[in-house]
Amino acid sequence: MAKNNDLARIIGGCKSGDAESFSEVVDIYASRLYGYFYRLTGDREASDDLLSELFVKLVEKISSFKDGSFESWLFKIASNIFYDYLRGKQRQKKSFEVRKRQFESEVTEAKLSSNERIDKLQTQLGRIDTDTRELIMLRFYSQASFKEIAAMRSEPIGTTLSKLHRGLKKLRELMEC
Amino acid sequence: MNERNEKKLKELFEKFVGGEQAEQAAEDIQKGEQILREHSSPEPDGGLIANIKAEIAAKLLHKKEKSFRWMAYKMAVAAAFILIAVISVKLFETVPERPAGDLTAQKAIWESQSLADETLTAEMEQIESDMLAMESGENSGNGYETVTDLEMKLIETNGDFWKG
């Protein structure tokens, strides 16, 4: 991971429109962001699209990054992109429950239809509600503090802690079944 | 998660729940995150990364072109404004002053018109006095012819008047 000084230099380069600096940002964060999208969608193709969309958005929005944690800021954009994607998918369905079940089954079907290794974690993650799943992935891949995550989600830190605790506990139970 | 982070997490939970519960919650989170670490997610394809970098480069180029076009447009507008201002100043400077002769000519026209008016007035006065003389019988000779002459004169004068 880039040191703070290096990151500040890279961000400075991005702000002045240097393509090489953006390349460095891609090299540093692409893997974690891809993991975040993949664990939320369970679909490699969708994750590819979301990752591309994120970096294109980064070029457009970099001038609005002032200070604070760049990772939190970047993952906040990623989170917005994921929810936009989810809303787009949901608009195609009729009722919320049907939408949710179909989306979750699509996550599993997408994996089953491809020749990818079906990992148990992805299947069990599909059984956790979207909001909690997103919180777990945000915490794991952004490596942001609880305070930063609570700020990103615009909720009290106690709520964030409680949701994450319940989510991870449920995931553990599901994995142990 | 290292021991220090675990301790910090426990301390954080202690702000909301009791000591024992906080310890249990911190442990649950630790074990849950361990599961995530054990199941690594797939890495993005090399081709995808190359495409993203190419897309970024294209986007930056487009952005630069757009900003260049905007700058050129602003410069063109500024240049046009300056040009219009210069032309306006030049035009203002070269507007010819009215020659003094014009005023003299206008005055002459006015005076000549005044002269014509005076002649007309004099003729009308003459006709009027002739009419009065005829009515009072001062004018001898053929009265019919005199009236006809006067009428003819009056028509002629009237015509001159409307001709200006």
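Visitor: How many residues of chain A are in contact with chain B, and what makes a contact?

Guide: In this predicted model, 31 residues of chain A are in contact with 28 residues of chain B, two residues being in contact if their C-beta atoms, placed from the backbone, lie within 7 Å. On the side of chain A that touches chain B, α2 (19-41), α3 (44-61) and α9 (157-176) of chain A each supply at least two residues, and α2(A) gives the largest share, ten residues. Helices here are DSSP runs of H or I with at least four residues, numbered from the N terminus. Residues are numbered from 1 along each chain as its sequence is written, and chains are lettered from A and ligands numbered from 1 in the order in which they are written. The model being predicted, local features need pLDDT of at least 70 and side-chain atom pairs count only at pLDDT 80 or more, while totals for chains, interfaces and linings use all residues.

Visitor: Why are α2(A) and α4(A) called roughly parallel?

Guide: α2(A) and α4 (70-91) of chain A pack at an angle of about 30 degrees, with their axes 11 Å apart. Angles under 35 degrees count as roughly parallel, over 145 as roughly antiparallel, 65 to 115 as roughly perpendicular and the rest as oblique; α2(A) and α4(A) are therefore roughly parallel to each other. The contact joins A:Tyr29, A:Leu33, A:Tyr36, A:Phe37 and A:Leu40 of α2(A) to A:Leu74, A:Ala78 and A:Phe82 of α4(A).

Visitor: What makes α3(B) a helix that lies largely in the open?

Guide: A residue is buried if 20 or more other C-beta atoms lie within 10 Å of its own, exposed if 12 or fewer, and partly exposed in between. Of the 49 residues of α3 (46-94) of chain B, three are buried, so α3(B) lies largely in the open. The three are B:Ile49, B:Ile52 and B:Ile56, and their cover includes α2 and α3 of chain A.

Visitor: Which residues of α3(A) are buried, and what covers them?

Guide: By that criterion, A:Ser47, A:Leu50, A:Leu51, A:Leu54, A:Phe55, A:Leu58 and A:Val59 are buried. Their cover includes α2 and α4 of chain A together with α3 of chain B.

Visitor: How do you know that the span of α3(B) is close to the expected one?

Guide: The expected span is 1.5 Å times one less than the number of residues. With 49 residues, α3(B) reaches 71 Å from its first C-alpha to its last, close to the expected 72 Å.

Technical notes
Axes fitted to C-alpha atoms, helices over the stretch in contact; angles between N-to-C directions.
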